[in-house]
Structure formats: structure tokens, C-alpha cells
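This report describes a protein chain, beginning with a detail of strand pairing and then turning to the chain as a whole. Please consult the sequence and the structure while reading.

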Amino acid sequence: MLPGTPARVLLALLLLAGCRTPAAVPAGSPLEPLPALGVYVPEAADRAARDVAAAALGAGPQEVRAAQALLLALDRQRRESGEAPTGLAPAALELEAVTRADPLARRAATRELLERDDLAPETRRRIQQELEDDPLRLADRRLADARRARFARRFNAIAEPVGRSLLSTALAPYRLGRALLTVVAQRHLEEPISVPERQALAHWKRYVEAHPSTPEAARLVKRIEKLQGRWYSLKRERNLQAAQAAFRRDDPALALVLADRVLRYAPEDREATLLRERAAARLARLRADRRRSLEASERPPPDAVDARARGLALALLDPRGDVAGAARRLRDAGVEAPLAEAGEFAQALALAETGAEAEAWKILAGLARRDPEHSHMARHAEALVERPAQNPLRAFGEARRAERRRRSAWLLLGPLAEPRQRELPAPLAWSLGAFSLVEVVAGLPMRLLRLPFAPRTDEAVAVHARHYLALHPRGQQAEGVRSWLVKYEIDRGNAIAAHRLAAEAGADARELTRLEEQAAEQMLETALRQKRPDVRAALLRQAASTHPQTEAGRRAGTRLRQELEEATTQRIRISRGFLLENPEVAGPAGLGLRAELLDGEPRNGELHPEGVLLLGGRTLEFALLEVDTDPDAAPRRVRRRVSEERLARIVSQLEEATLRNALLDPDAVFEPDADRDLFFERARFGLADRPDLRATAQSSYAFRGMRERYGLVRRRESILPVELVIQGSFPDLGLGAFPRVPLPRPTPDAILYR
């Protein structure tokens, strides 16, 4: 052996032991071993990028530009030598641009970045979004939307009747005249400031508050004051209308508050001042009536009357007292009005408790009709008679009559039956009504045909019916109310409530069986729509235990048993289509999936369209196709436990890919899911082996590819300014074609400005 050979052998063994070799993966595993990561050694470009960042944080603009020039020079040298650029130059230029104090210079420098050809697609899209989020540009777009919406409404109002008159020119003058009047009415009904204009006002205010010393801010002040005045005018109009409505429905307290609010937006407004005075006077009268009704009589009653009044008081306090008899004796004693009315009131309450509802409400209605100025019990009786919470049967009947009146008005008057939210001038209202008479008369036969299928608005009737049955389940009218409610629930598809009510009413056994089957099916469908596993399991258990004899109940029990057997802490799915469209997720830096599982050759193994499931902890489930089987067939499922490092790579690549896709493709929506995000955060910190066992912590989010979502061809909005509409009309059997200007789509935050 040569001298020094043992030392060389030992050194070689140490070097081999120090090399990081990927751990072997079990045979047949769908995963490749993780690639080895070497120690990263910074280059000159990395040090130059560090200098740019340090200068931007602590030095002046000259130092930033000097460090930036060095990085740009290094990139130039790499291009001249045929090497790929570092990709750090755009980031350095963007850093210098965003640190400029002048907003105009900052926006100009950011726009220059878009002219470079070395920007990554996601970086280019992000910079474009930042420029589009500029308050001044957003305000200009919202104002353009407002102008386009006004033009579109007027143009469409004229174009539609002209186009529909192509086949029936005899009605053209009528339709055109009505369209012109409609345009005038639209102009009158328009609010002083539209929603896009309110958004523009908010953007202008935000810019002026952030940059008060710029020239643009000084020019915007007058425009802000003008729009702000229109906004105050709208607030004044809305609150005044609400105050008038509250005063009409006898709510002076709310009318007083709303009138005060109007005076904040329009001080010394004549209408608001008058309404405030009237509301305050009515409120004072109501409070006086309340005080007077609670006052005691100063004169003591005679001894005989006093004994009868004492007897009524004792009967009211005694659970088994004869309240009706004591009240009748007090009323027959011929006492003064306050005590006699109290006796009548107590007698009505006693009759209602014994089930004599009709007689009780008759007495209370008589008391309610008396003058509150001279009757101490009139207000109390009126509260019982008029309020739906106290007299649901009366409210039930009134609501049914109101629904019949609404349907009758729609049948006879057609479009004239709909109330207008804002009043029109009398000449304009009469003119529109006269033009609508032709449509009302011509459309009567068609409305007769549509009447059985017209949508009903019986929700208020059903609320009062349920309230009555809750208060008086065995009342005199309970059977009729319950029968109506059963039919209502069947018509709207609520078999659960219909079955319960039919069972209470003692319906036919065959009908109960049919309703029970429908109720069980509805409970099963409701359970399967739930995303939370604990809620879904509870509903499945309820369906199986409540209706065990039905087919749907048995299916609910089977599904519950299956879910309990297959329960996991998470069920986050990554579909095969998503992995094909995002190879970095499936590649070595992410999942590390074997390449042959995505090559489209079933002979060497292929991933099923279901893809991969993250089951919680560090467990993954792979859905694999059997050899030469249909992709729609059930897959072969293989579970593998992965390392913390691989799981952290997977979740990081998933989030990065979805965020990049959302930047580049507006249709690639990344839906919010708090449970998914919590699991990903725990996986990144190496806490996946301590899963959150709460049932509410499970996520069933699915990462799906764009082709899986939308198919081969996605629907796109037309770039043309108009669209061609072919429209028919049932009332007058008309047919026409006309151009229509589409209204601008509201922005996601438009709801905040309504």
C-alpha cells in the first residue's frame, strides 16, 4: 500500500459522507426524490442589488441612481457576452421610481418601466394594475362610466321602440312618443349624483388628502365642492322622503330624527322644518296620551264598586280566578267610565285565554274605536287590535287581501299597477298614463294566460300565519290557517315544513307518506350542500333518524357512515388539469411528481383527473388510473406521507402559482378560504403533524385548471360599442331588432356608494 493511502481513503470517505444525496423513494411511489440544494454564493449582481436596496432605504436619490447604474452595467455586460440577464434591473428601476416624492414623477417613471422588454409577465401586469389604481385615473373612468350610462339609457329608450316598429309601422308614432316621454321621466327621476360620480368624488378626496400641495389638488377643489353639493342634495332628498314615509305610518319619533338629519344637510329647509314641527307636535300628543292613560282617578269609587274592583284585581292575580265573571259584575254595576272600560278590557283578555277569540276581539275592537282623549283603555285596546304581533289573525287576513289586490291590479292595469318610487310632475304622469293605456288594454289577454304562473308574494301572509299558530295552536281559526300554510309550503317546495304542518293537522296517511318522502329528500339535499363536515354530518344524522323508513333516509344513513369512515382533517384537492397548466407545482420545486404520471401515456401510469388530495398532516393521496381504463372510472388511490420540506414546497408553489395566475388572467379567481390558508401557514412552519382537529377547520378547496372551469372556449365580452338585440313582446305580439348600448359594469366596490 502506498504511503499515505489510509489517509487518502479516510478523506474520500469523509467527502462522500458529507455530500448530500437525495433519500431514496419507495418503489412504486408517485413522487421523485427531492433535489439537493447547494450553498448559494452571492455574485456581483447580488451585491449590487443589495447596494440599491440600502441606498433606497437610507441614502439620497444620487446614491440610489449610482448603485442602480452599476447593476444596469452588469446586466449590459451579461447581454454583450451572450449570457442571460440577471432580471434584477427592472426591480431596481421600480424601487427607484416608487421612492420618488413627486407623484407625477413617480407615475411617469413607472410608465417608463412598461416600455422595457425584460419585464416578467406577472411584474408587467402588477405595474399596470398599480397605474390603473391611481386615484385620478380611477375618477376619470368613473366619470366616463356615468356619462356612458346616461347616454346608453337615453339611446336604448329610443332605439327599442324604433326597432320593434319595423314589422308594425302603425304603432310607430305611439311607441316613439312614449319613448320620448320615458326619456323625460328618466331625466326627472335621476338622482342628483350617480354611483360612479360618488366613486369619482371619493377618489378625488383621497388624492387631495394624500397630495394637498400638488397643482392637480388645487384644480380639483372646485370640482369636489360641486359634486359634494350634489351629494348633500341627494342625502337631503332621501332623508326627507324617509321622514315623510315615517310620518305617514304614524311613527313621529323616527320622522323627527330624519327631519333633523335633513336640516343637517340643508339648514333652514322649509319642508324639513315644517315636517319636524308636525312630528314633534304629534310625538308630544302621544306622550301626553300615555301619561294620561297611566293616571289614577282622584275620587274613590263607592264601597260597592270598590268591592267589585277589588274582586277583579284579585281574580287577575289568581291563576284560577274567575276574571270574566268579576269583569262582568264590575261592568254591570254602572260605574264610571275608567273602571267600566277596565272591566271590559279584562273580560276580553279572559275570553281570549279560554278560546273565545271572536268575542274577545269584538270587545277590544269596540274599545279601540273610542276617543283616546276620553277613554283610558282605547290606546291599549288599539295596540292589541292593530299590531300584527298581538293580533296575527287580523294581520293574516289583511295580508291575504293585499296580495289579492296586488294580483288584481296587475291583471287589470299591467305596468300601471307598479308604484313609482319618486313622484313625477302631474302633466308628465298623466301623459305617460295615457300612452300606457294602449299597452294595458292590448296586454290583458296575455296577462290572463300568465296569471296562474305569475310569481306570488305571500311571504308576509306566511309570517302572520306561523305567528298565529305559535300563539294559538288550537285556536278557532287554526285549522283554516294551517291548511293554507301547508299549501303555501308545498307550492314553494318546502316539504319539511309542509310535512310537519300536515302531521299536526291530522292529514291523510297517504298524503303524509308522500310528504315525508319529499321532506327526507329535501333534508338529504340540504345536507349534501353543506361544506362544513360537522354540519353535514349532523344533518345527515337527522335525516336518517327522523325518516328511517324512507329511501332518502336510508341513503342519508349510508352517506353518513361513508363520511365517518373516510373523514380526514383536510380535503384540499389539486386536479390533474391544474398540475398540467402549472408545471412548477408538479415539478421538483413543488410536488416532485414523477414525469410519466402527466405524459398522457396510460401504459406507464397516469394521474387520474381528480389529481392529488392533501388530507391533513403530511399525508397526500394520489388518484391514479388503472392501466387501459377509462378516465371516468374510479381511480386507484395511493397514500404517501411526505417530509415537512416537501409539504412546505407544495403549499408555497400552490399559493405562488394561483397569485400569478390571478395577475395574468382575470378569469383565474383565487377564492378566499380561511381554513385552507390556516393549513398552508401551519405547513410552512412545520406544524402539519399537529393538525387542527376542529370540524370547522377542514377545507375542501379545489385547485382546478382553467380548462376544467371554462372548457376549451371561454366567453369574452364584445369589444363593439353596441350589441344587436332581437326581442319579442307577448302583450302586443310584436317582434323587432334594434341596437343597444350596454351599460358599464359596476365595480366590485360600487355597493359601498349606494
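## Pairing of β2 with β3

In this predicted model, L613 has E621 as its bridge partner in β3. Strand β3 covers residues 619–625, and five bridges connect this strand to β2 in an antiparallel arrangement.

The strands β2 and β3 form a hairpin, with four residues lying between them. In the turn, G616 has a positive phi of about 100 degrees.

## Pairing of β2 with β1

Strand β2 is also joined to β1, which consists of residues 572–574. These two strands run antiparallel and are linked by three bridges.

## Burial of β2

How many of the nine residues of β2 are buried? Seven of them are, and the strand, which spans residues 606–614, is therefore described as mostly covered, where buried means under 20% relative accessible area.

## The chain as a whole

The chain has 754 residues, of which 36% count as buried. Its secondary structure consists of 31 helices and seven strands.

Among the contacts in the chain with a separation of 6 or more, 59% are made by residues 24 or more positions apart. The accessible surface of the chain amounts to about 45400 Å². Carbon and sulfur atoms account for 57% of this surface.

Technical notes. Residues are numbered from 1 along each chain as its sequence is written. This is a predicted model: local features need pLDDT of at least 70, side-chain atom pairs count only at pLDDT 80 or more; totals for chains, interfaces and linings use all residues. Side-chain values use heavy atoms; hydrogens and water are left out. Buried means under 20% relative accessible area, exposed over 50%, partly exposed in between (1.4 Å probe, protein chains only). Contact means heavy atoms within 4.5 Å. Accessible areas come from the Shrake-Rupley method with a 1.4 Å probe; for residues, only the protein chains shown count as cover. Two strands pair if DSSP finds at least two bridges between them.
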